[in-house]
Amino acid sequence: MLQINGDNVKSHLLLILCAITLSTAELHKDTQTKKFPDGFLFGASTSAYQIEGAWNVDGKSENIWDHITHKIPCFLSNCDTGDVAANSYYLYKRDVEMMRELGLDFYRFSISWTRILPTSFPDKINEAGKNYYNNLINEMLKYNITPMVTLYHGDLPQKLQQIGGWTNPEVSKWFSDYARVAFELFGDRVKHWFTLNEPKETCNQDYATGFRDLSGIADYLCAKNVLLAHGKAYEVYNNEFRASQNGNVGIVVSVKWYEPETEKEIDAAEDVAIFEWGQFIHPIFSETGDFPKKMKERIAKKSAEQGFPSSRLPNFSPEEVELVRGSADFFGLNHYSTCIAYRNESINGLYESPSYHDDMNVITYTPNDWKSTESASTNVSWGFYKVLTKIRNDYGNPPIYITENGFNSEIGGILDDNRMSYLKSYLNAMLDAISEGSDIRLYSIWSLMDNFEWGTGYKSKYGLYEVNYTSGKFERVPRKSAYFYRNVLKTRVLDINFEPDMSVPICEEN
Ligand code: BGC
């Protein structure tokens, strides 16, 4: 999703980059091939709004993205919408065929709340929506591909948004009611559930939710409510479904690595990690639960200085702390990139006050040398290794599902060597973390195919398969990286030197 980066590259940056490059070389004592652990699973991820299309078909009602992209016709600069997206509502069989071509163990997709519950509530279940997901799940199971389901991936019902959405304290109940319906309808076959994708992006960065206007207040209300929503859904599963369905439930948090610009900036880098992801990880995965102490203290102090009678960060009651603490069978981790963090006097007055960024009080940026003209993605895999190591050390080595990792290209085409290099380095970094004890159980690439990207529409391409948006048929064509990924899955080995032979059609290789 959106990145909030200052762009002030310092003159001494080269020195630091050299230091980083050195430490990277030390971190990755590459051998040419590395084996994945036995039982390790591979998959690919997508989300409903980004691929399904059929936005107003068969009883589905409007979600926040349908609403905003129609209300403001060129909401994204290129006027793209997810109205048709990759047309997966109609092409799900081809999607499953692609999973088979790749040899995926599992596929992670999301359910559209408004396709299942057009009123937002469980008073009316939309049969057509139910059938769509049943068909998709059953088609996957026919070929032994395990369905893994995200309940919320950015597409809140617009009706709920109109009454405050994620800032309304009732939303945790609405969400857990919706979760109950999904467990009831699909839980006989779905054994891996992700409650919410990227709570931080939902609360702080989502264009469509619009909380940016009340940053420092609305985003914290949202944070509390999404954590409660997650906790309640987990409780519903435990109390009503676990015994009979025997599945597992977790949450997905996006975790960037923040590298201190110099040793002096370690504190700044820690702070940004606490605000950006500790905010959501600490309440669930720490021994004590609740928002991180440093965050609570900082916001309480600033709020008092600003004349607020109490902290802008809402409190959890002791019961709420307990509801959320430990409410996950695994840690779903999305990781895309790394940036540099620092703080100095230039920060004074940089951010509006009060605001989330003013509370966090750190500047982050992506060094120019990491950027390319092709893409907003940077290939900085040592950051992935560091993030995985930190989670292992700070949170008692929880079972980790890598739910997203991927490379964005704005060039497109099927010869995506840069995506392949990115995948090689990130898989390599993940294997390094595993060899040092990180309990990583699975890896899922973003994404199975090109799809609607939140801030940039169809310009950004993340797919192993290219989608043809202009023919009217949405043909999916495997890229070079699809051949590479397929080989990893077939051999269960990462071969740094593997070069795919694209002259053999991917379907015939099976
Ligand atoms: C989101 C995806 C998105 C991807 C690439 C993740 O943060 O979960 O929906 O497409 O990043 O930006």
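Twelve residues stand around the ligand, and Gln-50, His-153, Glu-198, Glu-453 and Trp-454 come nearest to the ligand. The model is predicted. The shell around the ligand is made up of five nonpolar, four polar and three charged residues. Aromatic rings are a second topic, with 45 aromatic pairs in the structure.

**Ligand surroundings**

- The side chain of Asn-197 has an N or O atom 2.8 Å from an oxygen atom of the ligand.
- For Glu-404, an N or O atom of the side chain is 2.9 Å from a ligand oxygen atom.
- Tyr-462 places a polar side-chain atom 3.5 Å from an oxygen atom of the ligand.
- On its own the ligand has 310 Å² of accessible area, and the protein covers 98% of that area.

**Aromatic pairs and a ring cluster**

- A pair of aromatic rings is described by two things, the distance of the centres and the angle of the planes.
- The structure holds 45 aromatic pairs, and one of them joins Tyr-342 and Tyr-365, with 5.8 Å from centre to centre and 70° between the planes, which is edge-to-face.
- This pair links distant parts of the chain: Tyr-342 belongs to strand E9 (residues 338–342) and Tyr-365 to strand E10 (residues 363–365), 23 residues apart.
- Tyr-342 has a relative accessible area of 1% and is therefore buried, and Tyr-365, with a relative accessible area of 0%, is buried too.
- Tyr-469 and Phe-474 also form a pair: the ring centres are 6.4 Å apart and the planes stand at 80°, so the pair is edge-to-face.
- Tyr-469 counts as partly exposed because its relative accessibility is 23%, whereas Phe-474 has a relative accessible area of 11% and is buried.
- Tyr-469 and Phe-474 belong to a cluster linked by ring pairs, together with Tyr-49, Trp-65, Phe-75, Phe-452, Trp-454 and Tyr-458.
- Trp-454 of this cluster is also one of the residues that come nearest to the ligand.

**Charges over rings**

- The charged end of Arg-115 sits over the ring of Tyr-132, at 6.0 Å from the ring centre.
- Arg-312 has its charged end over the ring of Phe-308, and the distance to the ring centre is 5.6 Å.

**Buried residues in helices**

- Arg-486 is located in helix H17 (residues 480–491).
- With 6% relative accessibility, Arg-486 counts as buried, because the cut-off for a buried residue is under 20%.
- The side chain of Arg-486 reaches the backbone oxygen of Glu-101, at a distance of 2.9 Å.
- Phe-186 is found in helix H8 (residues 171–186), and at 0% relative accessibility Phe-186 counts as buried.
- Phe-186 and Val-149 are 37 residues apart along the chain, and their C-alpha atoms are separated by 9.6 Å.
- Cys-203 has its place in helix H9 (residues 199–205), and Cys-203 is buried, with a relative accessible area of 1%.
- From C-alpha to C-alpha, Cys-203 and Cys-222 are 5.6 Å apart in space, while 19 residues separate them in sequence.

How values were computed: Residues are numbered from 1 along each chain as its sequence is written. Side-chain values use heavy atoms; hydrogens and water are left out. Rings of Phe, Tyr and Trp (its six-membered ring) pair if their centres lie within 6.5 Å; planes under 30 degrees apart count as stacked, over 60 as edge-to-face and the rest as tilted. Helices (H or I, at least four residues) and strands (E, at least two) are DSSP runs, numbered from the N terminus. Buried means under 20% relative accessible area, exposed over 50%, partly exposed in between (1.4 Å probe, protein chains only). A charge sits over a ring if NZ of Lys or CZ of Arg is within 6 Å of the ring centre and within 35 degrees of the ring normal. A residue is near a molecule or strand if one of its heavy atoms lies within 4 Å of it. A polar contact is a pair of N or O atoms within 3.5 Å; within protein, one must be able to donate a hydrogen and the other to accept it, and residues adjacent in sequence count only if both atoms are side-chain atoms. Accessible areas come from the Shrake-Rupley method with a 1.4 Å probe; for residues, only the protein chains shown count as cover. Ala, Val, Leu, Ile, Met, Phe, Trp, Tyr, Cys and Pro count as nonpolar, Asp, Glu, Lys and Arg as charged, and the others, Gly among them, as polar.
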